[in-house]
Amino acid sequence: MKIAIAGAGKLGLRITEILKGGDHSITLIDKDEELVRRLAVSLDVATVAGNAKEASLLEQIGIHEFDYFIAVTDRDEKNLVIGAVAKRLGVTRVIVRIRDPEYGGQYRLLEEIFGVDHIVNPDRGVAEEINKYLTEKYSFQGGVLHAGKAAVLEMEAGEMPGFAVGSVSGISESLKSAKMSLAAISKNGKFIIPKCDEDYIIEKDDFLYIVGDRKYIEGLASKNIDEERRTDTKRVMIAGGGKVGFYLARLLEDFGASVKIVEIKKQRCQYLSEHLQNTLVLNGDAADTELLENESFSEVDTLVGVTGFDEENLLLALMAKQAGIEDAIAKVSRESFGELITSMGVDMVVNPIDISVSHIVRIIDGAAVLSSHIIQGQAELVQIMADRGMSLHGKDVGSLNLPSGVAIIALQRGETVILPDDDTKMTEGDRLLILSLLSESFDLEKLLRVKKGFFA
């Protein structure tokens, strides 16, 4: 598949790195000539230095022969315009990134006017994942996500029958006897896909993700999960009044929560006050302990750190946990903070780039993916139909040498659900249920790599 990407920022580069691992021909366009020269060497993809708004440049690369054009420059209006130009010049499908809240609720109209096929908003995506976590304790309906004959249950470890603090291997053995398997755990805000050589200690507040035949999963859920269970979140403080903070406040207003936003820029505070109906906007530094004390910081149910600085968001989350706040959430873009996050006990960490890349890649390889579901803002549950053209066809699971962040947790063959081990061989027509960390999207796409023609 031929794909052109306009914009070599963080998102554009991440998309390029992921997609080049599949059966795709990538062309990256950016007006920064020096950057383009460096990327041509480091990424080993076709690069073009120039302004993608110029129709002559798009004609020069033969845009009419491309399957996808992805516009992720730093300006919404530019993305819409170059997307429209590319569409008019004959590219099959167009994806554009838009971030400005002013365009919210008008996506379908914009798609019609500019002729683009998909609009992706990273900030809104992050806000929606946080809102889903806060307004529903379970991201799954009633704690269960169905995938054909298989299902995945999300539950707190302390709700498991006869639970006692123990190891992954111990709980895995208990589940195995009940024809189920432990697919993942969420510990202190970090999503973990355990491997056989890892033995984390599971505690009652950890979340477990259990997979198996839906009849066994539903049986466990019916005995231990309250299907009406919802969070008691009523008071939320949002640190950072940028786009994510704005989107999240609007969503929480609709839910009926009491929301405060702390924003350091006065002009931005005025905008927030004018565009939010029932949110208290405070002008100040969210890391100012005196301000937090004056605003009864310790009495809120949730603290969400979505400033423009990862370090500040993590610091605020740590302060929230020390103050006894139930939920502490941080927006973090740098993957290097992974171990620190785990030791801090943050309840949820979201990465805007990972979420956006997942959305865009799923649009592109939608023909191969039967369903996709993001979990805790950090992982993705993907269901695919095994095809003869796929590189994994006919191979044993063990021979795939899957990285630590990717696991085939179940497969359905006919009407039978199989919980695979290293000796399980995948055949054409199997429905595979794959769990992958969003940060490992590159490895997931390598796993789904196919011979020419599969994605056509």
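**Reading surface, helices and salt bridges**

Modeller: Glu290 is exposed, as its relative accessible area is 54%, and the cut-off for exposed is over 50%. Please bear in mind that this is a predicted model.

Colleague: In which helix is Glu290 placed, and which residues gather with it in a patch of negative charge?

Modeller: Glu290 belongs to helix α11, which covers residues 289–294. On the surface, Glu290 forms a patch of negative charge together with Asp285, Asp288 and Glu293.

Colleague: Let us turn to helices with a buried side. Which residues of helix α7 are buried?

Modeller: The general idea comes first. An α-helix has 3.6 residues a turn, so residues three or four places apart point the same way. In helix α7 (residues 168–177), the buried residues are Val168, Ile171 and Leu175. Viewed down the axis of α7, these buried residues lie within an arc of 75°, and therefore they line one face of the helix.

Colleague: What does the face of α7 turned away from the buried side carry?

Modeller: That face of α7 carries the exposed residues Glu173, Lys176 and Ser177.

Colleague: How does one read helix α10, and which of its residues are buried?

Modeller: Helix α10 spans residues 266–275, and its buried residues are Cys269, Tyr271 and Leu272. Because they cover an arc of only 160° around the axis, they are on the same side of α10. The other side of α10 has Lys266, Gln267 and Glu274 as exposed residues.

Colleague: Now a strand, please. Where is Phe69 placed, and is Phe69 buried or exposed?

Modeller: Phe69 is in strand β4, residues 68–71. A residue counts as buried when its relative accessible area is under 20%. Phe69 is buried, since its value is 0%.

Colleague: What separation is found between the C-alpha atoms of Phe69 and Ile5?

Modeller: Those C-alpha atoms are separated by 5.9 Å, although Phe69 and Ile5 are 64 residues apart along the chain.

Colleague: My next topic is charge pairing. How many salt bridges does a search of the whole structure find?

Modeller: The search finds 18 salt bridges. The criterion is a side-chain nitrogen of Lys or Arg within 4 Å of a carboxyl oxygen of Asp or Glu. One case is Glu34 with Arg38, whose closest N and O atoms are 3.9 Å apart. Both residues are in helix α2 (residues 33–42), and because they are 4 residues apart, about one helical turn separates them. Glu34 is partly exposed at 39% relative accessibility, and Arg38 is partly exposed with a relative accessible area of 49%.

Terms used:
Residues numbered from 1 in each chain as written. Predicted model: local features only at pLDDT ≥ 70, side-chain atom pairs only at ≥ 80, totals over all residues. Heavy atoms only, no water. Patch = residues over 30% accessible without salt bridge, like charges linked within 9 Å, V, L, I, M, F, W, Y side chains within 5 Å. Areas by Shrake-Rupley, 256 points an atom, 1.4 Å probe, with all protein chains shown as cover. Lys, Arg positive; Asp, Glu negative; His and termini not counted. Charge placed at Lys NZ, Arg CZ, Asp CG, Glu CD. Helix = DSSP H or I, 4+ residues; strand = E, 2+ residues; numbered from the N terminus. Buried < 20%, exposed > 50% of the residue type's maximum accessible area, 1.4 Å probe, protein only. Arc of directions from axis to C-beta.
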